[in-house]
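Dear colleague,

I am handing over to you the structure shown below.

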Amino acid sequence: MFRPENAQSLAGLGFVIAVCWALSENKKAFPWRLALGSVAVQIGLILLLFGLPGAQAVIETINRGVDGLAAATATGTQFVFGYMGGGEQPYEVTNSGALFVFAFQVLPLILVISALSALLWHWGILKWITRGFGLLFQKTMGLGGASALAVAVNIFLGMIESPIVIRAYLDKLTRSELFLMMVVGLATVAGSTMVAYATILKTVLPNAAAHVLVASIISAPAGILLAKIMIPEKPGQGGLYADYSSLLKYDSSIDAISKGTMDGLTVVLNISAILIVFVAFVAIGNALLSVLPVVGGEPITIERILGLVFSPLAWAMGVHWDEALKAGYLLGVKLMLTEFIAFIQLGSVPAGEMTERTRMILTYALCGFANVGSVGITVTGMGVLMPERRNEIIGMVWKALIAGFLATCMTGALVGAMPRELFGQ
């Protein structure tokens, strides 16, 4: 059933596209066919998982898979860290909530999924999945083969691995194709972090694992569209063929597991360090703001400022105005800090303080690497692979951050525009 809230989200969808058009380098070259194709692919993928007969069985399978991975990871974590990792407690527990330690219950998942992803890539399973998505993007949105493959790899591996896969084509990418790869990398998340996000949200959002998976997948077409709007392809350029051979290779299954684990460890250490530093910076900022006069009976904090700035965007995505301030704050946290902090805070909001619809929209809007910290990661990672194009990357990275952030917001608005009955609400 179509409701006013769905029309509100449709308006937000148009608003996001309009903002990117206003920032376009060639406003006359608006890709109308790509716009229709992108939205159609997004809707099709949502209906494929949530709308078709038997979809609930698929969702339950995904949820069981995530629970199984979490349980297996917990076994390994408890073996290494004992009771600190969730094992049998040697003391009487008076506050069970304090037993959840982020470093032991969430971050180890990234290690396991990173190793599993590398193993599935070595066995060829993940290669065929990404190839399927690459062909989908190539046929429905007119991407060149190299760009289509990079976009597909981004969904499952991440923003640094995708350039490695198409390394042989990097020097041939046009400026528009390079920008597209940057935007999609910021608009999606790696498979290693998908499971971590789902674990954080599973107690407050039904079918959290399915929503997180779909969020990363359908944000890719949104990133493609917004990238092509902001930096359109020049006539006669683009369309490189890719033979789907990859420079990302492992010598054996053991080699894949070992290297995948080490890659995951790098991610875990980076996330840990970033969380410590940024949470500390927020505390410092709030301490400095505490000298200002109280406004509305409450002190001025970074949370309140971010909420005010981003609440109109949250409302445009379909969030009720009563929840827009909190939703806007989470969008600001995602952009200025990291999506990990935003997901942790979203998961900590009690069920009665936020509607399921708002929580679902935010899950899609937060599910991407588009944050200020990722700017440095993008420049460093891609600059190493393309040193001769480093200045070009630096010149586009802030625009890519805007497009990547708005791509996830576009995804959130699209989900909000669809009938809530589709998601069992």
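In which helix does Ser117 lie? Ser117 belongs to helix α5, which covers residues 107-123. Please note that the model is predicted.

Is Ser117 buried or exposed? With a relative accessible area of 12%, Ser117 falls under the 20% cut-off and is therefore buried. Leaving aside residues up to four places away in sequence, Ser117 touches Leu126 and Leu157.

The nonpolar core comes next. The largest nonpolar core holds 138 residues, and those that touch the most other members are Ile46, Phe50, Phe137, Leu226 and Leu331. Helix α11 (residues 208-230) gives the most to this core, namely 16 residues. As general background, nonpolar side chains in soluble globular proteins tend to be buried together. For Leu331, again without residues up to four places away in sequence, the residues touched are Phe310, Leu313, Ala314, Met317, Leu362, Ala365, Leu366, Phe405 and Cys409.

Two helix pairs deserve a description. In general, two packed helices are described by the angle between their axes and the distance between the axes.

The crossing in which α11 passes α16 is right-handed. On the side of α11, the contact is made by His211, Val212, Val214, Ala215 and Ile218, and on the side of α16 by Met360, Thr363 and Tyr364. These contact residues comprise six nonpolar, two polar and no charged. Helix α16 is itself mostly covered, with 10 of its 11 residues buried. Among the buried residues of α16 are Arg357, Arg359 and Leu362, as well as Met360, Thr363 and Tyr364.

The other pair is helix α9 (residues 175-187) with helix α18 (residues 390-416). Here the axes come within 8 Å and cross at roughly 45°; α9 and α18 are therefore oblique to each other. Their crossing is right-handed. From α9, the contact draws on Arg175, Leu178, Phe179, Met182, Val183, Leu186 and Ala187. The residues contributed by α18 include Glu392, Ile393, Met396, Lys399, Leu401, Gly404 and Thr408. Across this contact of α9 with α18, the residues divide into 13 nonpolar, two polar and three charged.

Yours sincerely

Terms used: Residues numbered from 1 in each chain as written. Predicted model: local features only at pLDDT ≥ 70, side-chain atom pairs only at ≥ 80, totals over all residues. Heavy atoms only, no water. Core = buried A, V, L, I, M, F, W, Y, C linked by side-chain atoms within 4.5 Å. Buried < 20%, exposed > 50% of the residue type's maximum accessible area, 1.4 Å probe, protein only. Helix = DSSP H or I, 4+ residues; strand = E, 2+ residues; numbered from the N terminus. Contact = heavy atoms within 4.5 Å. Left-handed = near helix turned anticlockwise from the far one by under 90°. Nonpolar A, V, L, I, M, F, W, Y, C, P; charged D, E, K, R; others polar. Axes fitted to C-alpha atoms, helices over the stretch in contact; angles between N-to-C directions. Parallel < 35°, antiparallel > 145°, perpendicular 65-115°, else oblique.
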